[in-house]
Amino acid sequence: MPQILDAAAVRSWCSLALEALGREREEIDAINVYPIADGDTGTNLYLTVESAAGAVEAVFAAHETGASVPAPADAVRAMAHGALIGARGNSGTILAQLLRGMAEVLAAPAADEDGNRLAHALRRAAELAREAVAHPVEGTILSVAGAAADAAGAVDRTARDGGPAGDVAAVRAAYAGACAALDATPGQLAVLGRAGVVDAGGRGLLAVLGALAHTLTGEAPAVFPMSHRRYEAPAASEPRATGDGPAFEVIYLLEADDRAVARLRERLDGLGDSLVVVGGDGLWNVHVHVDDAGAAVEAGVEAGRPYRIRISHFDAAAEPPKEQAQRAVVAVVPGEGLAGLCAEAGATTVLARPGEPPASGELVEAIRRAHAREVVLLPNDAALRHTAAAAAEQARTEGVRVALIPTRAAVQGIAALAVHQPERHFDEDVVAMTSAAGATRYAELAFAERQSWTSVGICQAGDVLGLIDGDVAVIGADLAATAEAVLSRMLAAGGELVTLVLGEDLPETLADRLERYVRDGYLAVDTVVYRGGRQSVPLLVGVE
């Protein structure tokens, strides 16, 4: 059977969907009135698809050195996994499950499917998404997904063409069915009817389906009109729109088995509403609206290992806009401990968890959250250089003056933040922060995962690596002794202040030993110690 949705097509689909949601994000945000009128559905869907697209790009990058290209199954699974780990908000979480359902079918061997694979994929997507929502409501993204699947299925039953022509016919029918269903949503939900708008989540899904149609047909479908005629609200009771429901939105990734997740669903369903649990195979994305955010997180701890925890207070959406600040700092940080430290210093933080660097959309969102006319952006990671530059450029198009200081490590960001003075002229402040960051040498201690060649010799799996300014400088067997060797090399060129950032599993005795080492050998040098929490490496070192 011909494979019309190959890896390149999946890549194109992600790119076109991201482009479409980028164009329509603000308008989708503006019509977001259900389940909470918090005006972020377009943004959440954009960030979800951005994560999916990033995962697909990573698969292609892994094949750059060889002559091969990714298998279609690898690309579509990466798209679904990227959406799962990056899902934001109610609609983003449901979209992630829709993509997972499509991936289940499209990644399966062709012989396992009968008839049109795309139609089957859309049907499986709609089924999984509806199962993931604790209490499905019509007039939402679920209705649009179901209608798209029904329309594609009708084509499949009529044509029974499993080749490219069948896929094209199915995607065109799916888009048309989704348009009709979206147009009907104001008549299904009273809150939409009174506002005279269609469902925001459904509108975002239509953009994603439109991108798929564009990919397979080569033609962009007609854009659904965002403005909408006003509807008569049905007599049925109106679902909550604002104010009178739970106060918090809680989202987290969860590592847990199926039985534990089943118990978690029951527990969370009793705590709040808008419960959506998506994923599988041991990794889940949990979304719920509750009054007791702590209880929702605690339920996750009882079920397994929750991480990437996000808690948002809905009252912030109901409050009048706060006055725009003159200047703010946005900093990427590698652990919860440093996030708290930087927040205390007045910075807006973006958490970079191990193996999960933030996307440009997350940095843009943080810049918007800072709500300032001028923003200093500290990426604190050399690998985020291009991501931060893209975020800065996007923010500039929105009227924010952004200065990107190319900090390559968190300790450089700490040094820059220490000299930040928002009352002085912007350019002077940026120069001072850049100078402080540039005067800070940085190092990190990590464990080698496998045997490898380095600039100072061969390391074995389990060896301690001391990297100074990004290059391996010391190989050792003991973390403390290797850290002392790294400090010796860094302080040989002079220094006034040593900064140590310890990971969550390192004992205080290590900090005491390293402080004593500096104090005994370098009398004029001070040492400060911070707890970084869960971070990508066990120990970060800075010397100013």
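Modeller: A charge sits over a ring when NZ of Lys or CZ of Arg is within 6 Å of the ring centre and within 35 degrees of the ring normal. Keep in mind that we're looking at a predicted model.

Colleague: Okay, how far is Arg305 from the ring centre of Tyr307?

Modeller: The cut-off for a charge over a ring is within 6 Å of the centre. Arg305 lies over the face of Tyr307, and its distance from the ring centre is 4.3 Å.

Colleague: And which ring does the charged end of Arg11 sit over?

Modeller: Here the distance to the ring centre is 4.1 Å. The ring under the charged end of Arg11 belongs to Phe60.

Colleague: Is Cys179 buried or exposed?

Modeller: Buried means under 20% relative accessible area. Cys179 comes in at 17%, so it counts as buried.

Colleague: Why is strand S7 largely enclosed by the rest of the structure?

Modeller: S7 covers residues 372-378. It's largely enclosed because, of its seven residues, the number buried is six.

Colleague: Which residue in S7 is the bridge partner of Val329?

Modeller: Strand S5 (residues 325-333) runs parallel to S7, and six bridges join them. Val329 has its bridge partner in S7, and that partner is Val376.

Key: Residues are numbered from 1 along each chain as its sequence is written. This is a predicted model: local features need pLDDT of at least 70, side-chain atom pairs count only at pLDDT 80 or more; totals for chains, interfaces and linings use all residues. Side-chain values use heavy atoms; hydrogens and water are left out. Buried means under 20% relative accessible area, exposed over 50%, partly exposed in between (1.4 Å probe, protein chains only). Helices (H or I, at least four residues) and strands (E, at least two) are DSSP runs, numbered from the N terminus. Two strands pair if DSSP finds at least two bridges between them.
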